[in-house]
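Hi there,

Here is the structure I promised to pass on.

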Amino acid sequence: MGLARQALLWASRRKWLGAKFQAWSFTRRASRRFLPGEDLEAALEAVVKLGDEGISSLITLLGENVSTTAEVQDVVRQYQTTLCQIQSRAADCQLSIKPTQLGMDLGGDSCEQGLFALLPHAAGDLVWVDMESSGYVDRTLDLIETVNSTHKNIGVCLQAYLHRTDGDLDRLVSRGIPVRLVKGAYREPASVAIRKKKDVDVNYLKLGCRLLDAVAAGKGGPAAFATHDMNLVRSIQEYSVKRSVPGDAFEFEMLYGVGREHQRRLVAEGFRVRVLVSYGSAWFPWYMRRLAERPANVWFVARSLVSRWGSGGGGDPTASEPLNSGLSKTVK
Ligand SMILES: Cc1cc2nc3c(=O)[nH]c(=O)nc-3n(C[C@H](O)[C@H](O)[C@H](O)COP(=O)(O)OP(=O)(O)OC[C@H]3O[C@@H](n4cnc5c(N)ncnc54)[C@H](O)[C@@H]3O)c2cc1C
């Protein structure tokens with residue numbers, strides 16, 4: 001793992017730094033690269049625009065490691081409102097939720113109760129549970145299994161960088177639970193996670209093919225491949241054709257503001273694409289992880305600062321930058 005990436009992931013866990021960072025207007029502007037706005041309305045507008053282009057969405061309210069029951073209740077209420085708003089717009093949009101946002105750190109059955117309060121309101125649409133750092137994996141998988149025994153519209157993320165994911169994939173597929181495969185976004189020790197990017201990519205493809213095998217055999221739920229790595233996307237596409245997996249049995253997922261031209265091209269090629277749209281005021285740790293995914297993104301923050309000094313605070317340097325300009329240089 002590169003030094004810049006390590007530093008950004010270290011920063012993502014520092015609350016004092018987050019408080020300072022979020023107060024600066026130039027960092028708020030820079031965050032707009034990945035965030036249409038802090039309020040739900042901005043996220044819903046983005047969802048509708050994506051829908052016009054044939055792209056489905058996921059919405060997530062930013063926030064993690066909540067520490068009181070009152071906060072959990074507020075999160076659940078906000079997600080219930082989001083589900084109502086999605087349905088009133090007839091948008092193809094699902095929720096994506098972090099376990100620690102539903103109180104996993106509080107112990108007890110806070111998370112389970114939160115999900116039980118949301119799943120019946122989802123009108124049968126999937127609700128995805130994100131995977132956070134490795135210390136949460138066992139609890140998250142146990143939670144998903146418990147909830148899935150009564151509510152089938154729940155799916156969970158697995159991370160290809162963890163050594164254990166092979167076994168976790170078997171466990172979920174054998175229970176028919178939908179899986180979203182990602183590379184993994186947290187800072188993990190070598191004892192639990194593969195360190196070399198090249199090896200993570202190899203493992204992603206291996207797990208991705210096994211997930212498609214399961215789908216082809218009618219096992220498991222719908223599969224989601226959440227990556228902007230176009231080499232992996234191509235390999236998954238090819239394998240799906242080889243195994244005759246129907247195009248509606250899996251989808252590609254990407255982040256809002258990343259790889260937009262790839263999203264459009266995949267849709268034009270007839271593949272299903274879903275984009276994760278985030279909103280909320282607690283964006284610092286999440287934003288640091290986005291910067292860590294491509295440390296060159298820090299350049300956009302630096303440009304934002306320079307532009308502020310140069311223009312007396314006006315102008316949004318990211319606005320004139322094609323959102324995926326960096327991506328198109330790096331993705332073959
Ligand atoms: C829908 C969705 C849900 C996710 N859920 C989780 C989760 O629950 N748990 C978890 O640990 N992780 C999650 N992630 C993040 C994931 O683990 C990776 O950190 C992230 O997707 C970057 O890896 P990559 O697969 O795109 O491959 P990479 O090899 O990192 O990137 C491939 C290419 O895309 C570019 N790129 C990638 N990210 C960015 C970015 N932020 N800005 C600009 N360019 C970029 C890179 O520069 C590179 O050219 C999720 C990602 C998505 C898209």
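**What surrounds strand β2**

Leucine 95 in β2 is the bridge partner of isoleucine 59. Before I go on, please keep in mind that this is a predicted model: local features need pLDDT of at least 70, side-chain atom pairs count only at pLDDT 80 or more, and totals for chains, interfaces and linings use all residues. Residues are numbered from 1 along each chain as its sequence is written.

The protein chain has 14 helices and eight strands (DSSP runs numbered from the N terminus, H or I of at least four residues for helices and E of at least two for strands). Of its 332 residues, 40% are buried, meaning that 20 or more other C-beta atoms, placed from the backbone, lie within 10 Å of the residue's own.

On one side, β2 pairs with β1 (residues 56-61) in the parallel sense over three bridges; strands count as paired if DSSP finds at least two bridges between them. β2 also runs parallel to β3 (residues 127-129), again with three bridges, and there serine 96 has tryptophan 128 as its bridge partner.

β1, α5 (residues 69-88) and β2 form a right-handed β-α-β unit, and so do β2, α6 (residues 110-118) and β3. Right-handed means that, with the strands pointing away from the viewer, the path from the first strand over the helix to the second runs clockwise.

Five of the five residues of β2 (residues 93-97) are buried, so the strand is largely enclosed by the rest of the structure. Cys93, Leu95 and Ile97 are buried on one face, Gln94 and Ser96 on the other.

Best wishes

Definitions and conventions: A residue is buried if 20 or more other C-beta atoms lie within 10 Å of its own, exposed if 12 or fewer, and partly exposed in between; C-beta atoms are placed from the backbone.
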